[in-house]
Amino acid sequence: MSGRTEGGAVERRLGWLALLIPGLAFLPTPAFAHASDRGHVLLLPTGYYVAGGALAVAASFLVLALLPADVPARFWRRRLPLFAFGDGARAIVSLISFAGFAILIAAGLFGSRDPLSNPLPLTVWTLLWVGLVLLQGLFGNLWSWVNPWYGPWRVVSRLFGKRETWRPPPWLGCWPAVVLFFAFAWFELIDPAPADPARLAWAAGLYWLLSFAAMLVFGYRDWSRRGEFLTFFLAMVARFALLERNEGRRNAGERNAGGRLSLCWPGAKLSDAAPLSLSGIAFLLLALSSVSFDGLSKTFFWLGLFGINPLEVPGRTAVIGIGTVGLVLTFVLLAAAFILAIVFGQHLAGSQHSLRQAAGLLVWSIVPIALAYHVAHYLTALLVDGQYAVAALSDPFALGWNLFGTAGMQIEAGVAAGAGSAWWLWNIQAGVIIIGHMLAVLVAHGLAWRLHPVPAGAALSQFPLTVLMIAYTVFGLWLLATPSAG
């Protein structure tokens, strides 16, 4: 689970931050720091990593500002066609996924009480929330095939025929997804026992039933795009993927001509994305701020603000109120910082576009950052808990089964411990964060050209947002090394 495998590191002061990045003093920087599983040993002073990451992001902005206007556009347009395939097996795959989900719920209710030997918590918090998000960001929208709702919905639709569905009013937007994602984040980060198998089984089972009922009322397509937060979040992540699937055209006499798969640059699909609504902006910023608070809430800095000894943390029950306020406050301050960056950028460029249009378009540049922090934050948990998950899936009910021959596998916890592992683990995490921010600058630059065709205007509009991205880089790398509890 998140944070279970985190280790300690050397503490460093941040007093030189204002000297490194002029103009950051007016930003509420501590609130939008980002967390990740810590490395165990720093090979260089923290300041070298932080300064190097900040300079890399700043250099990316300067290079893009000096390039001819058509270079980024030609970069994004490049595609390598691969092959075509249809959706014929999608419902079958989803039904198999639903059957697996039902078995996991049963395992949560009747299997082992140990979160490290019960497959439900390990599958939800490690394989789904970490592993699938990573695969989604690399290979595209796999969730549209493996989600446990589509197949059952198709079966019910076939049995009872087409039914009238109620179309949600436009003003509703995707606010249901925002509310449900906040509830999910609260359960993961604040609830006293999110890894308890029975507790998680009831929560996941109830969520599936409510979502399925909503799909029957509003239609699968509408609710997936407005209310089902996992589908909404993973579809956003898939826009960063290296693979792109173009929907094939249907010819006369063909049920499904399929779509062609193409290889593209990471983030290329973000360049032509439509502006998000206010609720879409809130959702994407909430996805980023929740991961930020996950790491921030474990630091000595955060615990010290409330007089809690980080070496004697009283447990989740004692900090529910503090955690809830912190989760909300992190989102509010992050949203405020992002909106201020957009406002200042629009003012510098003399833009005539509305704030809503500019923010709705430029918020897509947050996707690479959100994915980078998600991967870096949960990397250690994936490496260690992923092994427990493989073992637990062979014996879901703790009855001595060995379905896949992995029940007795040796768990290599050393993959995330020791000086040798710390060298590659910390550098991978730091590299992912830096590369994610550099790609975010590239995406933001391409989106800015859609708002400001004049080169000077596009560059000026991006300056405040780039400053904000540099701040994220600095604090993300600092949190990799700062001492944390747990």
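**Enclosed spaces and aromatic pairs**

Trp129, Phe181, Phe184, Ala185, Glu188, Leu189, Ser290, Val291, Asp294 and Tyr378 line the second largest cavity. On a 1 Å grid over the protein atoms alone, a cavity is a set of points where a 1.4 Å probe fits but cannot get out, and lining residues have an atom within 4 Å of a point. The model is predicted: local features need pLDDT of at least 70, side-chain atom pairs count only at pLDDT 80 or more, and totals for chains, interfaces and linings use all residues. Residues are numbered from 1 along each chain as its sequence is written, and side-chain values use heavy atoms, with hydrogens and water left out.

The volume of the second largest cavity is about 40 Å³, a volume being the space filled by probe spheres set on the grid points, which are joined across faces, edges and corners. Helices here are DSSP runs (H or I, at least four residues), numbered from the N terminus. By class, this lining holds seven nonpolar, one polar and two charged residues; Ala, Val, Leu, Ile, Met, Phe, Trp, Tyr, Cys and Pro count as nonpolar, Asp, Glu, Lys and Arg as charged, and the others, Gly among them, as polar.

In the loop between α12 (278-296) and α13 (300-305) sits lysine 298, which is buried at a relative accessible area of 15%. Its side chain makes a polar contact of 2.4 Å with that of aspartate 294 (N or O atoms within 3.5 Å, one able to donate a hydrogen and the other to accept it; residues adjacent in sequence count only if both atoms are side-chain atoms).

Tryptophan 129 and phenylalanine 184 also take part in the aromatic picture. The whole structure contains 25 aromatic pairs, defined by rings of Phe, Tyr and Trp (its six-membered ring) with centres within 6.5 Å, where planes under 30 degrees apart count as stacked, over 60 as edge-to-face and the rest as tilted. The rings of tryptophan 129 and phenylalanine 184 are edge-to-face because their planes lie at 70 degrees, with centres 4.9 Å apart. This pair links distant parts of the chain, from helix α5 to helix α8, 55 residues apart. Tryptophan 129 also forms a tilted pair with phenylalanine 233, at 5.2 Å centre to centre and 40 degrees between the planes. Here the link runs from α5 to α11, across 104 residues. Tryptophan 129 and phenylalanine 233 are both buried.

Phe233 leads on to the largest cavity, which it lines together with Met236, Val237, Leu284, Val367, Ala370 and Leu371. The volume of this cavity is about 50 Å³, and at least two lining residues come from each of α11 and α16 (366-393). Its lining comprises seven nonpolar, no polar and no charged residues.

Conventions
Buried means under 20% relative accessible area, exposed over 50%, partly exposed in between (1.4 Å probe, protein chains only). On a 1 Å grid over the protein atoms alone, a cavity is a set of points where a 1.4 Å probe fits but cannot get out, and a pocket is an open set with protein on both sides within 12 Å along at least five of seven lines; lining residues have an atom within 4 Å of a point.
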